[in-house]
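User: Please take me through the model shown below, one question at a time.

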Amino acid sequence: MDSGPVSRFTALHAVQRAIGPGRLKTPITRGPLLIGVTGGTGFVGRELITRLVGAGHGVRVPTRDAAHADQLLPLSSVEIAVGNVYDSDFLRRSLEGCDVVINLVGILNERGRSGAGFRRAHVQFTAGLLRAMHEAHIHRLLHMSALNADAGRGRSHYLRSKGQAEQLVRDASALQWTIFRPSVIFGAADSLTVRFAALLRLSAGMLPLARAGARFAPIYVGDVAEGFMCALSGGESVGATYELCGPEVLTLAQIVRLTAQAAQLPCHILPLPDAIARLQGALMDFLPGKPFSLDNYRSLLSDSVCHDNGCARLGLHPASFRAWTPLWLRPKGAAMPLPVVPTAYRVP
Ligand SMILES: NC(=O)c1ccc[n+]([C@@H]2O[C@H](COP(=O)([O-])OP(=O)(O)OC[C@H]3O[C@@H](n4cnc5c(N)ncnc54)[C@H](OP(=O)(O)O)[C@@H]3O)[C@@H](O)[C@H]2O)c1
């Protein structure tokens with residue numbers, strides 16, 4: 001890896017090293033970077049790429065399907081490369097010349113039930129990406145993982161495969177990596193509030209809910225994107241893992257109730273006993289699109305809350321779920337509720 005051309009990132013990182021660790025609180029600002037974003041066509045990717053382009057950076061997005069990148073096309077300085085993202089030669093060619101790569105590839109459900117789909121999207125993809133980066137002499141990777149990711153002890157295929165991918169990243173020699181582990185992410189195009197609001201509308205507010213007491217600290221997608229923006233500068237973020245949590249710890253039932261409140265919908269939650277919830281997951285495994293699965297049920301067995309929230313270290317003051325969700329959930333024409341300033345970090 002050392003024999004390759006020195007990227008702008010590597011040169012600047014050397015300056016930071018010379019200054020000394022911890023001395024540099026504000027990022028070194030420099031000219032525009034060229035940034036490869038894998039998984040850039042999704043919910044987080046669109047938010048992040050909008051900010052990257054706004055900051056003057058060039059962006060390359062390898063994707064499996066050109067249609068998935070439709071919403072990125074109006075953004076100037078975004079190049080889309082369509083191909084087989086599991087072919088590391090395709091990835092190398094797509095990413096060649098990039099200063100930094102951001103990996104956002106991830107799935108919440110697989111086609112089958114064996115875990116092979118999760119291992120392919122999280123582990124096999126990451127291995128190919130690391131190979132492609134090595135061959136293209138790219139040394140800097142910002143990698144998206146998830147809270148509770150653990151190669152050995154993760155409760156679900158999702159969490160174990162995310163943990164295995166993290167391990168590959170940490171073990172890659174000469175790589176300057178940063179890992180992000182968010183709780184559930186919310187925003188105007190999420191699959192959390194938008195999906196629950198749709199379910200509540202369909203069911204006249206009656207919702208049987210698996211793991212209703214599972215705890216989350218939802219983080220706003222804009223804050224996640226800002227976390228990546230801060231880490232772009234390198235410095236203290238090289239070799240760092242950041243858990244990302246919003247200011248409120250909420251049970252799943254509270255998330256649904258706040259969603260209903262924001263969308264001004266009726267809400268009657270029927271918390272399912274674990275045995276029934278497990279059965280619900282096993283049965284829904286066979287529904288097209290898998291709105292819920294046994295693997296999702298297993299992920300919900302672990303609370304998705306931070307032990308060491310990285311937001312402060314990144315200079316983030318994350319947005320409140322309760323205050324922000326009415327922005328996109330309230331009915332058309334309804335006034336925004338008065339701004340809610342969270343006085344406590346815990347919703348009673
Ligand atoms: N959303 C959350 O609440 C949340 C919470 C914790 C962690 N995360 C992690 O954050 C990352 C981004 O999440 P997101 O919500 O933006 O996800 P998303 O909207 O589903 O986007 C995921 C991206 O991954 C790519 N992808 C999907 N399936 C793939 C497969 N089988 N093989 C290769 N590539 C595939 C897609 O790119 P193309 O279709 O263009 O190829 C897509 O742009 C993921 O790693 C996710 O695990 C998300």
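Analyst: Two residues are in contact if their C-beta atoms, placed from the backbone, lie within 7 Å. This is a predicted model, in which local features need pLDDT of at least 70 and side-chain atom pairs count only at pLDDT 80 or more, while totals for chains, interfaces and linings use all residues. Residues are numbered from 1 along each chain as its sequence is written.

User: Leaving aside neighbours within four places in sequence, with which residues is Met 133 in contact?

Analyst: Met 133 and Ile 102 have the most contacts inside the largest nonpolar core, which has 93 residues. Such a core is a set of buried Ala, Val, Leu, Ile, Met, Phe, Trp, Tyr and Cys residues joined through C-beta atoms within 7 Å. A residue is buried if 20 or more other C-beta atoms lie within 10 Å of its own, exposed if 12 or fewer, and partly exposed in between. Once neighbours within four places in sequence are left aside, the contacts of Met 133 are Leu 95, Val 101, Ile 138 and Leu 141.

User: Which residue in β4 does Val 37 stand opposite?

Analyst: Helices (H or I, at least four residues) and strands (E, at least two) are DSSP runs, numbered from the N terminus. Strand β1 (residues 34-38) pairs with β4 in the parallel sense over four bridges, where pairing takes at least two DSSP bridges. From β4 (residues 100-103), Val 100 and Ile 102 point one way, Val 101 and Asn 103 the other, and all are buried. The residue opposite Val 37 is Ile 102.

User: In β5, which residue is the bridge partner of Asn 103?

Analyst: β4 and strand β5 (residues 140-144) run parallel and are joined by three bridges. The bridge partner of Asn 103 in β5 is His 143.

User: Which helix gives the most to the shell around the ligand?

Analyst: The ligand is surrounded by 22 residues, the closest being Gly 39, Thr 41, Gly 42, Thr 63 and Gly 106; a residue counts as near if its C-beta atom, placed from the backbone, lies within 6 Å. α2 (43-54) and α4 each supply at least two residues of this shell. With three residues, the helix that gives the most is α2.

User: Is Ala 174 buried or exposed?

Analyst: Ala 174 lies in the loop between α5 (157-171) and β6 (176-182). Its phi is positive, about 65 degrees, although Ala 174 is not a glycine. Most residues other than glycine have a negative phi. Because Ala 174 has 10 C-beta neighbours inside 10 Å, it counts as exposed.
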